[in-house]
Amino acid sequence: MRYRQVLEVMPQPARRIVRNEREPQARRGPGGPGRRSKAPQLERLIDAMVELSGQHGYQAVSIAQVSSRAGVSSATFYEHFADREDCLLAAYRNVTERTMARLTGPLQQAEDWAQAARGAFGELLASLQDDPNGARVMFVEALAGGERVHEELAEVTGALEQTGEALLDGVPVAETTLDVPARALMGAVRGIVSRHLRTYTEDRLAGLTDDLLAWIGSYAVPAEGGRWSTSEAALLSVPELPPRQGPRQELPPELDRLPRGRHGLPASVVARSQRTRIVFATCWVTMEKGYSNATVADIVAAAGVAKEAFYRHFHDKEEAFREAQSYGTHFVLDTLVSAYFAAEGWPQRVWGALGTLLELVAANPTLAHLRFVASYTAGGDAIRRAEDVTRFFTFFLEEGYAQRPQARELPRLSSQAIASAVFEIVQREVAQGRLAELPRLRPQLAYVAIAPFLGPEGAVAEIEAMAGRGAV
């Protein structure tokens, strides 16, 4: 099957994106549909949102700034868009469509996964390097949008994942395919691209193509054997191996509350209690209302402290959020390190660390939401702090390069790709509220992590043995 045949049956959202089949946008205001004179204004507004968001971050961009950059009035802005998020949504669609349109040729001409991957990923990285502002909107700033933008992100991502799975399953028997979930490949690319965009090293993106393809190729297997990583075997059966209760850091509101009236407690105890409650209240409020809508008053009420107490510890909401991030990050890293070094062999250490990570996330929903959802809506600094755990996870992969001669030939980009793939999958599950199912993904994520170093067949054998004996 040529890959262009798969394009004919791909989900409609993905086909529209890849082929640039733009859906007509509704016009608001007295102009109504069909007023061509409004089109240049609309395009200028979208371009202004892309430029300003790419340069300064979406959270720092106002409607007045977008209107001014586009050379129109704020009244004209509201003729086209209901609000700022509506404009971001249009900007995201615009940059996504024009970026993905460049992949049409490589996908249609490819005869196998190797040609498809080289053409598609090479073209993608080159196009993002050519349009860094658009790339930041597509990979970074859209995450700071509200519910409408997140729904669009989920729809587009889901459709492209379905397309990726169809491409991998659509190869002729006896040829090779990639035994890796499509969402792992997408997560790896997203993580690598996002990191380069946040560090303003997008001029190096196109030069990553060969290293990225070398990592992708480490998952190649004969197509006739099927793809283990997307089969039921790659998921734990909960009745057979139920997840143990993971370490918890969820404090119910009634715990650690100071006695009323004169209690005679040392000042240090009072300060520690107040600060801890404020930190966890920040997590709760952020999960309930979102970072943008959360206020200091909300946090104070949830923490059960006076506003004066809040300002003795934190300058503003951002500082409290930063402290909450730091608290959760240190807790997770300490726990993962203990789990990793509890086993002897390297595959067993990765298996243990991943199992602990999944159980931590499943057992601590507010901290999980803070790390995997809220952090991406709180601006560039918050995103960089959130990625600390992802970058730290690459240290767990260092021993992999010594596992066999082929592993020594892998580019070091492999570690970043694997960590990004693992945390992208976890993030998607958290964002969709499927925390209880996370421990089931342990074999699949372990395979993503160790297959490039042991080889797909060796990784499957190790994982099935560990799952069978309940390795920790």
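**Overall make-up and interior spaces**

Trainee: How many helices and strands does the secondary structure of the protein come to?
Mentor: This is a predicted model, in which local features need pLDDT of at least 70 and side-chain atom pairs count only at pLDDT 80 or more, while totals for chains, interfaces and linings use all residues. Residues are numbered from 1 along each chain as its sequence is written, and side-chain values use heavy atoms, with hydrogens and water left out. Helices (H or I, at least four residues) and strands (E, at least two) are DSSP runs numbered from the N terminus. On that basis, the protein comes to 24 helices and two strands.

Trainee: What percentage of the residues in the protein is buried?
Mentor: A residue is buried under 20% relative accessible area, exposed over 50% and partly exposed in between, with a 1.4 Å probe and protein chains only. Of the 472 residues in the protein, the buried ones make up 56%.

Trainee: What share of the accessible surface belongs to carbon and sulfur atoms?
Mentor: Accessible areas come from the Shrake-Rupley method with a 1.4 Å probe, and for residues only the protein chains shown count as cover. The accessible surface of the protein is about 20,400 Å². The part that belongs to carbon and sulfur atoms is 51%.

Trainee: Is His-369 buried or exposed?
Mentor: His-369 lies in helix α18. Leaving aside neighbours within four places in sequence, His-369 is in contact with Thr-286, Met-287, Ala-374 and Val-430. Because the relative accessible area of His-369 is 16%, the residue counts as buried.

Trainee: How many cavities of 30 Å³ or more are there?
Mentor: Rolling a probe the size of a water molecule over the atoms shows where empty space is left. On a 1 Å grid over the protein atoms alone, a cavity is a set of points where a 1.4 Å probe fits but cannot get out, whereas a pocket is an open set with protein on both sides within 12 Å along at least five of seven lines; lining residues have an atom within 4 Å of a point. Grid points are joined across faces, edges and corners, and a volume is the space filled by probe spheres set on the points. By this rule, the number of cavities of 30 Å³ or more is three.

Trainee: Which element supplies the largest share of the lining of the largest cavity?
Mentor: The largest cavity has a volume of about 630 Å³. Of its 30 lining residues, Met-100, Leu-103, Phe-121, Leu-160 and Met-186 lie nearest its centre. The largest share of this lining, eight residues, comes from α10.

Trainee: How many nonpolar residues does the lining of the largest cavity have?
Mentor: Ala, Val, Leu, Ile, Met, Phe, Trp, Tyr, Cys and Pro count as nonpolar, Asp, Glu, Lys and Arg as charged, and the others, Gly among them, as polar. The lining holds four polar residues and one charged residue. Its nonpolar residues number 25.

Trainee: Which element gives the most to the lining of the largest pocket?
Mentor: The largest pocket has a volume of about 630 Å³. Among the 30 residues of its lining, Leu-143, Arg-190, Tyr-376, Glu-424 and Gln-427 lie nearest the centre. By class, the lining has ten nonpolar, twelve polar and eight charged residues. With eight residues, the element that gives the most is α22.

Trainee: Which element gives the most to the lining of the second largest pocket?
Mentor: The second largest pocket has a volume of about 410 Å³. Its lining of 20 residues has Gly-145, Gly-146, Glu-147, His-150 and Thr-377 closest to the centre. Three residues come from the element that gives the most, α10.

Definitions and conventions
Contact means heavy atoms within 4.5 Å.
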